[in-house]
Amino acid sequence: SPAGMVLSVLVILLLSVLYEAVKMGKAVLLRRTLLALPRSLSQEALTQPQEGDSSPAQGSPSLMAFPTSFPRWFWFHVGQTLFHVVQVVLGYMVMLAVMSYNAWIFLGAIVGSTLGYFM
């Protein structure tokens, strides 16, 4: 039906816009992650607690392998990983829709990607 086709094209358009938004969000989070990394990337700098943190495991090397509080850059990395998973899922969904070989669906994906990149 025509209404179903219009709805399908709009859904693909919105998925494409969302894909581009997630891609940009991932780039912003990467920049924040790089700013949160310590200047020295030695193992000691990465495992030492932040200033002001008090950790009971400071003297025990076996407990230093599993810090009780993760540094800020670790949480940014977790966020990047989640953004990547969402980006891959959305990309495959749009790809599968385009592979239906429907010209309107294809145009919806192109227009959605264009709008998403423009915003």
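User: Why is Gln 87 called buried?

Analyst: This is a predicted model, and in it Gln 87 has a relative accessibility of 10%; because buried means under 20%, Gln 87 counts as buried. Gln 87 belongs to helix 4, residues 72-98, and, leaving aside residues up to four places away in sequence, it touches Tyr 19, Val 22, Lys 23 and Lys 26.

User: What makes the pairing of the side chains of Gln 87 and Lys 26 a polar contact?

Analyst: The distance is 3.1 Å, and the cut-off for such a pair of N or O atoms is within 3.5 Å, so the side chains of Gln 87 and Lys 26 are joined by a polar contact.

User: Why is the aromatic pair called edge-to-face?

Analyst: One aromatic pair is found in a search of the whole structure. The ring centres of Phe 74 and Trp 75 lie 5.3 Å apart, with their planes at 75°; since centres must lie within 6.5 Å and planes over 60 degrees apart count as edge-to-face, the pair is edge-to-face.

User: How do you know that the buried residues of helix 5 line one face?

Analyst: The buried residues in helix 5 are Ile 105, Gly 108, Ala 109, Gly 112 and Gly 116. Viewed down the helix axis, they fall within an arc of 100°, so they line one face of helix 5. Their cover includes helix 1 (2-36) and helix 4, whereas Ala 103, Trp 104, Tyr 117 and Phe 118, on the other side of helix 5, are exposed.

How values were computed: Residues are numbered from 1 along each chain as its sequence is written. This is a predicted model: local features need pLDDT of at least 70, side-chain atom pairs count only at pLDDT 80 or more; totals for chains, interfaces and linings use all residues. Side-chain values use heavy atoms; hydrogens and water are left out. Helices (H or I, at least four residues) and strands (E, at least two) are DSSP runs, numbered from the N terminus. Buried means under 20% relative accessible area, exposed over 50%, partly exposed in between (1.4 Å probe, protein chains only). A polar contact is a pair of N or O atoms within 3.5 Å; within protein, one must be able to donate a hydrogen and the other to accept it, and residues adjacent in sequence count only if both atoms are side-chain atoms. Contact means heavy atoms within 4.5 Å. Rings of Phe, Tyr and Trp (its six-membered ring) pair if their centres lie within 6.5 Å; planes under 30 degrees apart count as stacked, over 60 as edge-to-face and the rest as tilted. The arc is that of the directions from the helix axis to the C-beta atoms.
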